[in-house]
Amino acid sequence: MDHGVTPAADALGGKAWTVVGQTYTPKLRSENAFIWHAVIPADTFVPPHIHPLQDEWIYVLEGHLEIEFGAEKHSAGPGDTVFMPKGIAHGIFNRSGKTASCTFGVAPTGRLFELFGRLDGVTDPQELVRISAEHDVDFLPPPG
């Protein structure tokens, strides 16, 4: 996107991906930032992971999310912004019983746009972890 507007109902390049049961719709992509809209159904989550090269944030539009930084837990609702600095493990959980809608972003873009394209529809957790590691996202092992 050189400049302009991505309308609310549109996706950048007409793309939308299903990743870990959630729908991600890209809205803006440059070398410096990548922004996408996410629909996060009840009882879905993104397991704890680390972005070693990117800061990430979430702006909650509807619903409620829980963000875990190890044992530290935070709740976020409509209008709240969550910041997840690079190098810090975090997991994102919708335990509210209702669908959540939010805007995510990372800076710099890195390889995340390509990662979502590769993960679209992947259901095998080991494959998800392997592909993610190739794109600079490191999932933590499940608790023992």
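Predicted model: local features only at pLDDT ≥ 70, side-chain atom pairs only at ≥ 80, totals over all residues.
For these notes I count Ala, Val, Leu, Ile, Met, Phe, Trp, Tyr, Cys and Pro as nonpolar, Asp, Glu, Lys and Arg as charged, and the others, Gly among them, as polar.

Entry on the cavity. I looked for cavities of 30 Å³ or more and found a count of 1. I noted about 190 Å³ of space in the largest cavity. I then listed its lining, which comes to 19 residues, and I marked Y24, V46, H49, F116 and F139 as those that lie nearest the centre. Turning to the elements, I found that strand 4 (45–50), helix 1 (112–119) and helix 2 (125–134) each give two or more residues to this lining, and that helix 1 contributes the largest share, with 4 residues. Sorted by class, the lining of the largest cavity holds 15 nonpolar, 3 polar and 1 charged residues.

Entry on the pocket. I next looked up the largest pocket, for which I recorded a volume of about 420 Å³. I counted 20 residues in its lining, and F45, P47, P125, L128 and F139 are the ones that lie nearest the centre of this pocket. When I asked which elements take part, I found that strand 4 and helix 2 each supply at least two residues of the pocket lining. By class, I put 14 of the pocket's lining residues down as nonpolar, 4 as polar and 2 as charged.

Notes. Residues numbered from 1 in each chain as written. Heavy atoms only, no water. 1 Å grid on protein atoms, 1.4 Å probe; cavity = no way out; pocket = protein on both sides within 12 Å on 5 of 7 lines; lining within 4 Å. Points joined across faces, edges and corners; volume = space filled by probe spheres on them.
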